[in-house]
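Student: Can we go through this one together? I'd like to begin with the ligand.

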Amino acid sequence: MKRVAIFPGSFDPFTNGHFDIVNKGLKLFDEVVIAIGHNTNKQRYFPVEDMIAKIGEAFNDNEHIKIVAYSELTVSLARKHNAKFLLRGLRNTTDFEYENSIAQVTKYLDNDLESVFLITSPQYAAINSTIIREVHRYGGKVDDLLPYKL
Ligand code: ADP
């Protein structure tokens, strides 16, 4: 059986920190499904279709990576992809508190989906999508924080 993990997030944008977590995940799983959660009522800064293309570039169309957009329960999407693992990154204790609550709800919704947490490499721990959006909005340089060219 293929070991599939789903890596859900907003990825607005997908950063070097996310890239690092997926690459670590590829050592554990046969396939990682990068799932861009897209709430149709919520305006994104980087359009979903653009982000899918950019993430594809970053991974050089690696056959062990799938990139999808979704607007449904993460546990439902995981089932569709036969993913038994839900991958998340942990940067600090704030992430831990938040992730802990999400993991409890995930377990409640689907007892067969196991959340797996990987610790961010220190050089990426300060990278944050919200800050990248703000810097980019006002014309600042963000190239070194992303695994693709904008
Ligand atoms: P969400 O809005 O669901 O938190 P994000 O796109 O911000 O989505 O993050 C998705 C996942 O990636 C989360 O597990 C988050 O903790 C993790 N993450 C975010 N930034 C980094 C980073 N710099 N390094 C490692 N993991 C990160």
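Student: What does Gly89 do with an oxygen atom of the ligand, and at what distance?
Tutor: A backbone N or O atom of Gly89 lies 2.7 Å from a ligand oxygen atom. That is a polar contact, meaning a pair of N or O atoms within 3.5 Å. The model is predicted: local features need pLDDT of at least 70, side-chain atom pairs count only at pLDDT 80 or more, and totals for chains, interfaces and linings use all residues. Residues are numbered from 1 along each chain as its sequence is written, and side-chain values use heavy atoms, with hydrogens and water left out.

Student: And which part of Arg88 lies 3.1 Å from an oxygen atom of the ligand?
Tutor: A polar side-chain atom of Arg88. For Phe11, a backbone N or O atom lies 3.0 Å from a ligand oxygen atom.

Student: How much of the ligand's accessible area does the protein cover?
Tutor: On its own the ligand has 550 Å² of accessible area, and the protein covers 86% of that. Such areas come from the Shrake-Rupley method with a 1.4 Å probe.

Student: How many residues surround the ligand?
Tutor: There are 16, and Ser10, Gly89, Thr120, Tyr124 and Ile127 are the closest.

Student: Which helices and strands each supply at least two of the shell residues?
Tutor: Strand 1 (4–9), helix 1 (16–28), strand 4 (85–90) and helix 4 (93–109). These are DSSP runs: helices are H or I with at least four residues, strands are E with at least two.

Student: New topic. How many aromatic pairs are in the whole structure?
Tutor: Six. Rings of Phe, Tyr and Trp (its six-membered ring) pair if their centres lie within 6.5 Å; planes under 30 degrees apart count as stacked, over 60 as edge-to-face and the rest as tilted. Phe14 and Phe59 are an edge-to-face pair, 6.0 Å centre to centre with 75° between the planes.

Student: Why does that pair tie together parts 45 residues apart in sequence?
Tutor: Because Phe14 lies in the loop between strand 1 and helix 1, and Phe59 in the loop between helix 2 (48–58) and strand 3 (65–70).

Student: Where is Pro13?
Tutor: Pro13 is in the loop between strand 1 and helix 1. A cis peptide bond joins Asp12 to Pro13, with omega about 5°.

Methods. A residue is near a molecule or strand if one of its heavy atoms lies within 4 Å of it. A polar contact is a pair of N or O atoms within 3.5 Å; within protein, one must be able to donate a hydrogen and the other to accept it, and residues adjacent in sequence count only if both atoms are side-chain atoms.
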